[in-house]
Amino acid sequence: MSVAYVVLAVVSAVWVGFSGVSLARRAEFVTQPLVEYGVPRSWWTPLALAKLAGAAGLLVGLAVPAIGVAAAVGLILYFLGAVITNVRARSYKTTPFPLLYLAPVAVTLALGLTA
């Protein structure tokens, strides 16, 4: 396991965890776009929990690599879904934001698989 992988896994987990906590706390900068996209409020808590579980899985993956791989794949699918939601809502100006979360997770997965 390389130092780069460990550092990136921790940074990715903190970054995604921040996003999950922001959604769980209903931060306006997170919820306002969800309202505009038409994401039902009943989905917000499960979406926040999915992000938090993924972040935790990245950290657990440092000890149990299979959990880290599963968490990274799940987060990549989550953020791809967010990109699709943005595009379907024709909110092109906000499409880069889920990509900012997806990219470090994807690189974490790639580093983990090559280790």
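Modeller: First, a term: lining residues have an atom within 4 Å of a point of the pocket. Keep in mind that this is a predicted model.

Biologist: How many residues line the largest pocket, and which lie nearest its centre?

Modeller: The lining of the largest pocket counts 24 residues. Nearest the centre lie V30, L34, Y37, K51 and A82.

Biologist: Which element gives the most to the lining of the largest pocket?

Modeller: Elements that give two or more residues are α1 (3-24), α2 (28-37), α3 (44-60), α4 (65-88) and α5 (96-114). With six residues, the most comes from α4.

Biologist: How many residues of that lining are nonpolar, polar and charged?

Modeller: Tyr and Ala count as nonpolar, and Lys counts as charged. The lining of the largest pocket splits into one charged residue, six polar and 17 nonpolar.

Biologist: Now the rings. Is the aromatic pair of W15 and F18 stacked or edge-to-face?

Modeller: Planes under 30 degrees apart count as stacked. The planes of W15 and F18 make 15°, with 6.4 Å centre to centre, and the pair is stacked.

Biologist: Why are W15 and F18 separated by about one helical turn?

Modeller: Both sit in helix α1. The separation is about one turn because they are three residues apart.

Biologist: And Y78 with F79: stacked or edge-to-face?

Modeller: Over 60 degrees counts as edge-to-face. The ring centres of Y78 and F79 are 5.0 Å apart and the planes are at 80°, so the pair is edge-to-face.

Definitions and conventions:
Residues numbered from 1 in each chain as written. Predicted model: local features only at pLDDT ≥ 70, side-chain atom pairs only at ≥ 80, totals over all residues. Heavy atoms only, no water. 1 Å grid on protein atoms, 1.4 Å probe; cavity = no way out; pocket = protein on both sides within 12 Å on 5 of 7 lines; lining within 4 Å. Helix = DSSP H or I, 4+ residues; strand = E, 2+ residues; numbered from the N terminus. Phe/Tyr/Trp six-rings, centres within 6.5 Å; stacked < 30°, edge-to-face > 60°.
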